[in-house]
Amino acid sequence: MCKKLSMTVIMLLSVVMLVGGILPSVGHAQKNNESISTESTESTESTESTESTESTVLTLDDTMTVSEQNSIINEYLSDPNIDQLIVLDESLLIESNVIENGPSTNARAIINKYKVQNVRGGSDATGSSGLATAIGGPGVVLNISQNKSVATTVSANFGASNAALSGALGYSVTGTTTITISGTFKVPSKVNGKSVKSLKFTAYPVYKTKLYDVYKMPWNSFSWTKQGTGTAKKAYGVSYKKVYTYK
C-alpha cells in the first residue's frame, strides 16, 4: 500500500476485468480479494503468466499534483503481484460550452425532426488496441510515459445531428480526450518464485460509456417514433497490463 495514502486522495478497489472487457462503476474506497486470470501461451522456450492476481483500480483526486499521481501509479506498477492497474481521472468527463439542444432537423430532410432522450450510464470498457507498449528483461526500467489523444465515439446517430447528441450527452461526440500515460518501473527477476525472461507492458484506454435513444418525427406525422439505441464512449483513464514470460 502506498505510504501516506489517504481516503481523501485516492479510492482503491479490486475488480475482475480482462483487456477489452468490462469495468464496474467505481464506488467507495475499498479493497477485496477478487482476482483475474490471464490466458497462457506455451512454447518449448517459455511460458507466459498464468497466475491469478489482483486487478487494481485507482481513481485520482484532482487536488493531487502530477508528481504525486505519478509516484502512486509507479509504486503500484512496481508490485509484481499486480498484473493490471487501472487509473481513472473523472475530471476528463467534464466539458464546458456544451449547450443542451432541443429537437433537431436533418440537413437532407429539414422537415424531419429528431431528439435524443433517455441518456443513461453504461459499464466502463477497456479498448482492445494498445496506446503504448514497452518490452524488457529483468533489471530493465520500462517507461511508457506520454500523452495520447483518444477520440470520443458513438455507435450510431439514427438521423440525429452531432449537436443534438453532444447536447444530450454533455460532451462533444466529435471531440478527443488527451490521456496521460505515466508508467515507469523496473522489471523483476522473479515473480512468485518463477524466473522472469521478459515482460510486456502495455497501456490501453478506458472509456466511460453512455446509452441514449433517438426519436424521429416525420414530416407527415405529429408523433415521435423511436429509431434506435446507441452507445457513446469517452476516454477517461488508462489500463496498464503486464504480461510476464518465464524462463
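**Pocket, contacts and backbone**

Mentor: In this predicted model, 16 residues line the largest pocket, and those nearest its centre are Leu-60, Gln-69, Val-87, Asp-89 and Thr-180.

Trainee: What volume does the largest pocket have?

Mentor: The elements that contribute two or more residues to its lining are helix 1, strand 6, strand 14 (176-181) and strand 18. By residue class, the lining divides into 9 nonpolar, 6 polar and 1 charged. The volume of the largest pocket is about 220 Å³.

Trainee: Which element gives the largest share of the lining of the largest pocket?

Mentor: The element in question contributes 4 residues. It spans residues 66-77 and reaches 16 Å from its first C-alpha to its last, close to the 16 Å expected at 1.5 Å a residue. Its buried residues are Gln-69, Ile-72, Ile-73, Asn-74, Tyr-76 and Leu-77. The largest share comes from helix 1.

Trainee: How far apart are the closest N and O atoms in the salt bridge of Glu-95 with Lys-234?

Mentor: A search of the whole structure finds 4 salt bridges. This pair links distant parts of the chain, with Glu-95 in the loop between strand 6 (82-88) and strand 7 (104-106) and Lys-234 in strand 18 (residues 225-246), 139 residues apart. The closest N and O atoms of Glu-95 and Lys-234 are separated by 2.8 Å.

Trainee: Is Lys-234 buried or exposed?

Mentor: The cut-off for the buried class is under 20% relative accessible area. Lys-234 has a relative accessibility of 2%, so its class is buried.

Trainee: Which residue meets Lys-208 in a salt bridge?

Mentor: The N to O distance in this salt bridge is 3.5 Å. Lys-208 lies in strand 17 (residues 194-217) and its partner in strand 9 (residues 124-126), so the contact ties together parts that are 84 residues apart in sequence.

Trainee: Why is the pair of Phe-201 and Tyr-240 classed as it is?

Mentor: The structure holds 3 aromatic pairs. For Phe-201 and Tyr-240, the ring centres lie 5.9 Å apart and the planes meet at 20°. Planes under 30 degrees apart count as stacked. The angle of 20° therefore makes this pair stacked.

Trainee: Which residues form one aromatic cluster?

Mentor: Phe-201 lies in strand 17 and Tyr-240 in strand 18, so their pair ties together parts that are 39 residues apart in sequence. Both Phe-201 and Tyr-240 are buried. The cluster is formed by Phe-185, Phe-201 and Tyr-240.

Trainee: What is the angle between the planes of Tyr-244 and Tyr-246?

Mentor: Tyr-244 is buried with a relative accessible area of 1%, and Tyr-246 is buried at 4% relative accessibility. Their aromatic pair is stacked, with a centre to centre distance of 6.1 Å. The angle between the planes is 15°.

Trainee: What phi does Asn-118 have?

Mentor: Asn-118 is placed in strand 8 (residues 109-121). Asn-118 is partly exposed, at 41% relative accessibility. Although Asn-118 is not a glycine, its phi is positive, at about 55°.

Trainee: Where is Phe-158 placed?

Mentor: Phe-158 is a residue other than glycine with a positive phi, near 55°. At 29% relative accessibility, Phe-158 counts as partly exposed. Its place is in the loop between strand 13 (153-154) and helix 2 (162-169).

Conventions
Residues numbered from 1 in each chain as written. Predicted model: local features only at pLDDT ≥ 70, side-chain atom pairs only at ≥ 80, totals over all residues. Heavy atoms only, no water. Expected span 1.5 Å × (residues − 1). Buried < 20%, exposed > 50% of the residue type's maximum accessible area, 1.4 Å probe, protein only. Salt bridge = Lys/Arg side-chain N within 4 Å of Asp/Glu carboxyl O. 1 Å grid on protein atoms, 1.4 Å probe; cavity = no way out; pocket = protein on both sides within 12 Å on 5 of 7 lines; lining within 4 Å. Points joined across faces, edges and corners; volume = space filled by probe spheres on them. Nonpolar A, V, L, I, M, F, W, Y, C, P; charged D, E, K, R; others polar. Phe/Tyr/Trp six-rings, centres within 6.5 Å; stacked < 30°, edge-to-face > 60°.
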